[in-house]
Amino acid sequence: MANENEQTSTPPAPATPNNGAEASKAKNEAKNEAKRKAKMEKFLAKQAALAAKKDATKKEKDVAPKKEKEPKVAKPKAAFVNTTPEGEKKDMSQSMADSYEPEAVEAAWYSWWEKEGFFTPEEQDEPNPKG
């Protein structure tokens with residue numbers, strides 16, 4: 001009896017291990033392809049909009065009259081007059097210049113340094129053995 005049951009029943013179809021996975025993979029690939037197409041269309045639309053905007057601004061620049069740059073006019077410098085007496089400390093009551101001006105900054109300092117003795121050598125009690 002056991003033999004009869006085996007012969008009358010139809011054998012099941014051979015099962016492949018990836019049958020279900022392949023079907024879902026194909027389905028996902030279709031979804032992904034649709035997403036890629038939508039993304040590419042959106043990208044191309046943005047690029048077209050940017051190109052149109054660039055063309056519009058270029059046309060506006062061509063139509064609008066170009067402004068000529070006005071040359072910068074240098075402010076005339078006031079002539080520096082040293083009011084500090086010879087050998088006295090520099091008078092700092094005047095307003096300072098916007099930038100470094102050696103004549104104004106260094107005026108009267110050298111004579112004051114000489115008067116104060118900054119350039120005279122110092123005497124030592126015993127000579128230096130090194131020379």
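This report describes the fold, surface, confidence and selected side-chain contacts of a predicted model.

Residues are numbered from 1 along each chain as its sequence is written, and side-chain values use heavy atoms, with hydrogens and water left out. Because the model is predicted, local features need pLDDT of at least 70 and side-chain atom pairs count only at pLDDT 80 or more, whereas totals for chains, interfaces and linings use all residues.

**Fold and confidence**

The chain contains four helices and zero strands, where helices (H or I, at least four residues) and strands (E, at least two) are DSSP runs numbered from the N terminus. The order of the elements from the N terminus is α-α-α-α. Mean pLDDT, the predictor's confidence in each residue from 0 to 100, is 78 for the chain, and 79% of the residues reach 70 or more.

| Element | Mean pLDDT |
|---|---|
| Helix 1 (residues 2–8) | 53, the lowest |
| Helix 2 | 86, the highest |

Where pLDDT is low, the predicted coordinates should not be read in detail.

**Surface and contacts of the chain**

The accessible surface of the chain, from the Shrake-Rupley method with a 1.4 Å probe (for residues, only the protein chains shown count as cover), comes to about 13500 Å², and carbon and sulfur atoms hold 56% of this area. Of the 131 residues, 7% count as buried; buried means under 20% relative accessible area, exposed over 50%, and partly exposed in between (1.4 Å probe, protein chains only). Among contacts (heavy atoms within 4.5 Å) with a separation of 6 or more, 39% join residues 24 or more positions apart.

One salt bridge is counted, the rule being a side-chain nitrogen of Lys or Arg within 4 Å of a carboxyl oxygen of Asp or Glu. Arginine 36 and glutamate 33 form a salt bridge whose closest N and O atoms are 2.6 Å apart. Both residues belong to helix 2 (residues 19–63), three residues apart, about one turn of the helix. Glutamate 33 counts as partly exposed because its relative accessibility is 36%.

Five aromatic pairs are found in the whole structure. Tyrosine 110 and tryptophan 113 form one that is edge-to-face, at 6.5 Å centre to centre and 65° between the planes. Rings of Phe, Tyr and Trp (its six-membered ring) pair if their centres lie within 6.5 Å; planes under 30 degrees apart count as stacked, over 60 as edge-to-face and the rest as tilted. Tyrosine 110 and tryptophan 113 both lie in helix 4, three residues apart, and tryptophan 113 is partly exposed at 36% relative accessible area. Trp109, Trp112 and Phe118 form one aromatic cluster.

Serine 111 also lies in helix 4 (residues 109–116) and counts as buried because its relative accessibility is 13%. Leaving aside neighbours within four places in sequence, serine 111 is in contact with Glu86 and Gly87.
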